[in-house]
Amino acid sequence: MSPFRLSLRTLPPRPGAPPRAVRASPRPVPVPWQVVRRGLGVIEIEHVGCDTAHSVRFALSGDGLLGLSLPRAVHPGERVRVAVRGAQAVGAATAHDAMLVLRWFQPDGTELLWPIPLE
């Protein structure tokens, strides 16, 4: 049994927020995400790219624990909120080595990762 879980839900685009374009280039790839809100164990991220991100999922590592969220598609302008929940959630979210990793696939099938510190 996992001591915590990551819950994830898709939110509609913010009213009046135009999607930002991301230039297509082989290397380096611009990160099509922007942290919108951050709180203890909760991070909200907006997709500011121009292509749908497929199989978007989060992994939480730190303090010897690993939690995973289920994959989902996120369209441009949508936001995702991930929250660390459970009996040991506070300890996992405040550990000095805690790191949230956002993983997604580009339309061409390339998997990308973006590490996000929880603090």
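Reply: The pLDDT is the predictor's confidence in each residue, on a scale from 0 to 100. This is a predicted model, and its protein chain averages a pLDDT of 78, with 76% of the residues scoring at least 70. Among the elements of the chain, strand β6 (residues 72-74) has the highest mean pLDDT, 91, whereas strand β5 (residues 65-68) has the lowest, 62. Where pLDDT is low, the predicted coordinates should not be read in detail.

The side chain of E44 is joined to that of R79 by a polar contact of 2.6 Å. When neighbours within four places in sequence are left aside, R79 is one of the residues in contact with E44, together with V80 and R81, with Q34, V35, V36 and R37, and with L11.

Searching the whole structure gives 1 aromatic pair, formed by W33 and W104 in an edge-to-face arrangement, with 5.6 Å from centre to centre and 75° between the planes. This pair links distant parts of the chain, since W33 belongs to strand β2 (residues 33-39) and W104 to strand β8 (residues 99-105), 71 residues apart. Both W33 and W104 are buried. Strand β2, which holds W33, spans residues 33-39, and the contacts of E44 include Q34, V35, V36 and R37.

Key
Residues are numbered from 1 along each chain as its sequence is written. This is a predicted model: local features need pLDDT of at least 70, side-chain atom pairs count only at pLDDT 80 or more; totals for chains, interfaces and linings use all residues. Side-chain values use heavy atoms; hydrogens and water are left out. Rings of Phe, Tyr and Trp (its six-membered ring) pair if their centres lie within 6.5 Å; planes under 30 degrees apart count as stacked, over 60 as edge-to-face and the rest as tilted. Helices (H or I, at least four residues) and strands (E, at least two) are DSSP runs, numbered from the N terminus. Buried means under 20% relative accessible area, exposed over 50%, partly exposed in between (1.4 Å probe, protein chains only). A polar contact is a pair of N or O atoms within 3.5 Å; within protein, one must be able to donate a hydrogen and the other to accept it, and residues adjacent in sequence count only if both atoms are side-chain atoms. Contact means heavy atoms within 4.5 Å.
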